[in-house]
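Hello,

Here is the structure for you to look over. My notes follow below it.

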Amino acid sequence: MAFVNELIAEEDRKRIEALSIDYPSRGLPNSLYKWTVDRDSGTFLLWTGGTGPESYNTEYFILYWDNRIVKIKTRRNEDGELRDGLVCLWELLELRIPSEIEVDRSIILEVLKDALRVFGVYFHPEAVREAHFNF
């Protein structure tokens, strides 16, 4: 798979909105301008928002896989300076895979890691020197 960050075209935005995503959506209206997508497979990652200071660096995502919505809650911890590139540690707090998806969980986790590497820090992979995953 080859994920890229790109602006969401109007036709894609309409398709996403038709999914009627019911998930924490702090920031969701703003997040619909950009996504991390693998056009070959039809898989995409949407950042649906993050929580406030009460849960520092908790991020919510939707992974659209096999025409199904996988709901994801992560925590991203950073070390370093932005000018030198950050070292990010992603922790998986929640992964809700629909029962209709008949693939091993480890495959979805690998796809998620690939997508998060490209997502970087709010669609800026160049800001991340190293990405580590605690899942």
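Two strands count as paired here if DSSP finds at least two bridges between them. On that basis, E78 has C88 in β6 as its bridge partner. Note that this is a predicted model.

Confidence first. The protein chain has a mean pLDDT of 88. Of its residues, 89% reach 70 or more. Helix α3 (residues 105-119) scores highest, with a mean of 97. Helix α2 (residues 28-31) scores lowest, at 51. Please read α2 with that value in mind.

Now the strands. β5 (residues 68-79) pairs with β4 (residues 58-65) and also with β6 (residues 86-96). Both pairings are antiparallel. The β4-β5 pairing runs over eight bridges.

W65 faces R68 of β5 across the pair.

What does I69 touch, leaving out residues up to four places away in sequence? The contacts are L19, I21, I62, L63, Y64, R96 and P98. Take L19 from that list. I69 and L19 are 50 residues apart in sequence. Their C-alpha atoms are 8.6 Å apart in space.

Best wishes

Note on methods
Residues numbered from 1 in each chain as written. Predicted model: local features only at pLDDT ≥ 70, side-chain atom pairs only at ≥ 80, totals over all residues. Heavy atoms only, no water. pLDDT = per-residue confidence, 0-100. Helix = DSSP H or I, 4+ residues; strand = E, 2+ residues; numbered from the N terminus. Contact = heavy atoms within 4.5 Å.
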